[in-house]
Amino acid sequence: MRAPLLALALAAAARAAAPALRGAETPYFEQLSAEQDAARGDSKMDCGSGVDLCGVLTLCSGLGSGAYEHPAPSVHGLWPEVGSYGTSQCIAPSGSKADPTSVVDCYSATDDDSAAIISFETHEWDKHGQCAAAIDAEDFLTTVCDLAEKPLALMATTRTAGGSLDDMKAAVEHGGYEVFGTDATNSQLLLSACASSDKKWKLAAVADFPTACGDWAFNAAKTAIARVRQIVAPSAPALSTAPAL
């Protein structure tokens with residue numbers, strides 16, 4: 001039986017013993033990380049002026065081999081481009097860091113069982129989601145699904161018509177989405193995305209990040225000014241009513 005990506009995503013506690021995608025010496029999650037690194041290539045993402053959070057939405061065409069072979073295009077994840085990958089900050093969850101406990105809709109596209117899907121969701125949350133300024137795991141995964149809905153539909157239509165990964169790339173770009181990178185090895189597209197200071201992610205071209213998401217510095221300054229005013233502003237004198245004569 002074919003072992004798709006989600007079926008291989010075993011619980012983190014069993015990482016050291018999990019099967020490798022390629023080769024018996026590398027544990028699964030280490031191998032997956034290496035393949036995600038390869039998917040990004042050498043391109044480093046610059047979030048641009050006034051933008052604290054940017055990254056890539058990675059979508060599988062399903063035309064890859066082994067773990068990347070799926071019956072239809074599917075979502076892989078949303079990866080903030082932190083560290084050596086770009087200038088994005090890593091912004092921790094504002095709520096809970098607890099792992100996901102249920103299947104979020106778009107992650108079920110690989111027809112895998114719920115336990116395997118949740119294990120993969122947990123991996124995406126632990127590795128990427130906890131830098132994405134989400135409230136919690138459910139908020140992060142729901143954001144991923146919302147972002148992926150329209151470009152995945154374009155990819156699915158193209159694939160149904162017999163299209164290749166390059167055809168899917170053309171369809172997505174024609175639909176108005178920027179493809180930041182193409183992972184030909186695993187047949188994936190990486191779409192550029194950014195988040196504004198309200199922590200809401202959106203798909204946008206890198207050149208448009210400052211316009212689409214560049215309000216971080218402005219809102220940070222407003223917040224700082226408001227805090228200073230609270231500290232230094234004198235209390236208003238109490239009003240008194242003169243006694244009636």
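A: Helices (H or I, at least four residues) and strands (E, at least two) are DSSP runs, numbered from the N terminus. This model is predicted, so local features need pLDDT of at least 70 and side-chain atom pairs count only at pLDDT 80 or more, while totals for chains, interfaces and linings use all residues. Residues are numbered from 1 along each chain as its sequence is written, and side-chain values use heavy atoms, with hydrogens and water left out.

Q: What is the mean pLDDT of the chain?

A: pLDDT is the predictor's confidence in each residue, from 0 to 100. Here the chain has a mean of 82, and 71% of its residues reach 70 or more. Residues 1-31 have pLDDT below 50, and in the model this stretch has 60 contacts (heavy atoms within 4.5 Å) beyond near neighbours in sequence.

Q: Which salt bridge joins the side chains of Glu173 and another residue?

A: Side chains of opposite charge can pair when their charged atoms come close. The rule asks for a side-chain nitrogen of Lys or Arg within 4 Å of a carboxyl oxygen of Asp or Glu, and the count here is 1 salt bridge. Glu173 pairs with Lys169, at 3.0 Å from N to O.

Q: Where do Glu173 and Lys169 lie?

A: Both belong to helix α5 (residues 165-174); because they are 4 residues apart there, about one helical turn separates them.

Q: How do strands β3 and β4 run, parallel or antiparallel?

A: Two strands pair if DSSP finds at least two bridges between them. Strand β3 (residues 179-183) and strand β4 (residues 188-195) run antiparallel, joined by 4 bridges. Thr182 has Leu189 in β4 as its bridge partner.

Q: Which residue in the hairpin of β3 and β4 takes a positive phi?

A: Ser187 does, with phi near 60°; the hairpin has 4 residues between the strands.
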